[in-house]
Amino acid sequence: MPSLHSSPFMDNSAFLPLLRHISKRPKSSSSTSSSASASSAGGGLLKMFKLFPMLTSGCKMVALLGRPRKPLLKDNATTGTIFGYRKGRVSLAIQEDPHCLPIFVIELPMQTAALNKEMASDILRIALESETKSHKKKVMEEFVWAVYCNGRKIGYSIRRKQMSSDELHVMQHLRGVSMGAGVLPSPASEKDNLEGELTYMRARFERVVGSKDSEALYLINPDGAAGPELSIFFVRSQ
């Protein structure tokens with residue numbers, strides 16, 4: 001599979017400040033015992049997302065959430081949710097607060113099974129590039145995006161102006177969840193039969209603005225492992 005550096009997306013100079021941000025992130029100098037502990041933890045949420053085929057209906061306890069709860073972690077982290085039916089496409093929702101409507105929702109041009117394969121390397125980089133030449137909007141307000149996954153272009157997507165019923169269903173059921181991965185009850189039983197169960201991964205991200213034409217989200221790993229496992233880039237071509 002081509003590396004991220006082989007993609008035409010990398011020719012965009014707006015992307016360079018975001019890459020420099022990765023290289024400047026401090027690396028932990030933990031002892032051998034702490035390294036073993038981090039390894040046994042399974043690499044955080046990204047590893048949990050890989051376990052979707054083994055998740056049972058016990059994960060559906062999220063549906064029992066009542067009124068929205070105040071987040072346990074009070075900081076400026078951005079919430080990102082990757083979700084979709086096992087046999088369907090993956091969607092991405094970005095929220096400034098888990099209790100608010102998303103500021104960005106898009107259905108990616110890839111199947112859930114394909115995303116799971118990309119996670120085999122334990123590092124997942126999703127890049128969205130807008131080819132719009134106008135700079136009157138903020139980069140995340142653009143609508144048409146070329147989508148790259150681990151350096152390979154996988155197609156185009158259009159950011160949603162309004163969420164679908166399934167997307168609203170997911171946001172409603174996860175309104176009290178700060179981070180985690182599991183299975184949600186489908187809004188319609190027929191979809192369970194046709195497209196499989198509705199899976200999700202929700203995490204907290206550090207949001208970095210490289211310039212007016214570039215932003216990035218870096219996964220905040222709850223187990224304290226060094227380096228981001230999941231990065232999402234938004235870049236506007238110049």
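Phenylalanine 104 touches Leu92, Ala93, Ile94, Leu128, Met140, Trp145, Arg159 and Phe234, where residues up to four places away in sequence are not counted and where contact means heavy atoms within 4.5 Å. The model is predicted, so that local features need pLDDT of at least 70 and side-chain atom pairs count only at pLDDT 80 or more, while totals for chains, interfaces and linings use all residues. Residues are numbered from 1 along each chain as its sequence is written, and side-chain values use heavy atoms, with hydrogens and water left out.

**Cores**

A nonpolar core is here a set of buried Ala, Val, Leu, Ile, Met, Phe, Trp, Tyr and Cys residues joined through side-chain atoms within 4.5 Å; buried means under 20% relative accessible area, exposed over 50%, and partly exposed in between, with a 1.4 Å probe and protein chains only. In soluble globular proteins, nonpolar side chains tend to be buried together.

For the protein as a whole, there are 6 helices and 10 strands, taken as DSSP runs numbered from the N terminus (helices are H or I with at least four residues, strands are E with at least two). Buried residues make up 45% of the 238 residues, and among contacts between residues at least 6 apart in sequence, 63% join residues at least 24 apart. The protein exposes about 12100 Å², of which carbon and sulfur atoms supply 55%; these areas come from the Shrake-Rupley method with a 1.4 Å probe, and for residues only the protein chains shown count as cover.

**Aromatic rings**

The structure holds 4 aromatic pairs, where rings of Phe, Tyr and Trp (its six-membered ring) pair if their centres lie within 6.5 Å, and where planes under 30 degrees apart count as stacked, over 60 as edge-to-face and the rest as tilted.

Tyrosine 218 lies in strand β9 (residues 214-219) and phenylalanine 233 in strand β10, so their pair ties together parts that are 15 residues apart in sequence. Tyrosine 218 counts as buried at 0% relative accessibility, and phenylalanine 233 is buried as well, with a relative accessible area of 1%. Tryptophan 145 has a relative accessible area of 0% and is therefore buried, and phenylalanine 234 counts as buried at 0% relative accessibility. Ring pairs link Phe104, Trp145 and Phe234 into a cluster.

Another ring, that of phenylalanine 143, has arginine 159 over its face at 4.3 Å from the ring centre, and lysine 161 lies over the face of phenylalanine 143 at 5.4 Å from the ring centre. A charge sits over a ring if NZ of Lys or CZ of Arg is within 6 Å of the ring centre and within 35 degrees of the ring normal.

**Individual residues**

Glycine 155 has its place in strand β6 and counts as buried at 19% relative accessibility. With neighbours within four places in sequence left aside, glycine 155 is in contact with Pro109, Trp145, Ala146 and Val147; glycine 155 and leucine 108, which are 47 residues apart in sequence, are 8.3 Å apart in space, C-alpha to C-alpha.

Asparagine 150 lies in the loop between β5 and β6 (152-158), and its phi is near 50°, a positive value in a residue other than glycine. Asparagine 150 is buried, with a relative accessible area of 9%.

Valine 209, by contrast, lies in strand β8 (residues 198-211) and counts as exposed at 56% relative accessibility. Valine 209 is in contact with Ser214 and Glu215, leaving aside its neighbours within four places in sequence.

A search of the whole structure finds 0 disulfides, a disulfide being a pair of cysteine sulfur atoms within 2.5 Å. Cysteine 100 counts as partly exposed at 42% relative accessibility, whereas cysteine 149 is buried, with a relative accessible area of 0%.
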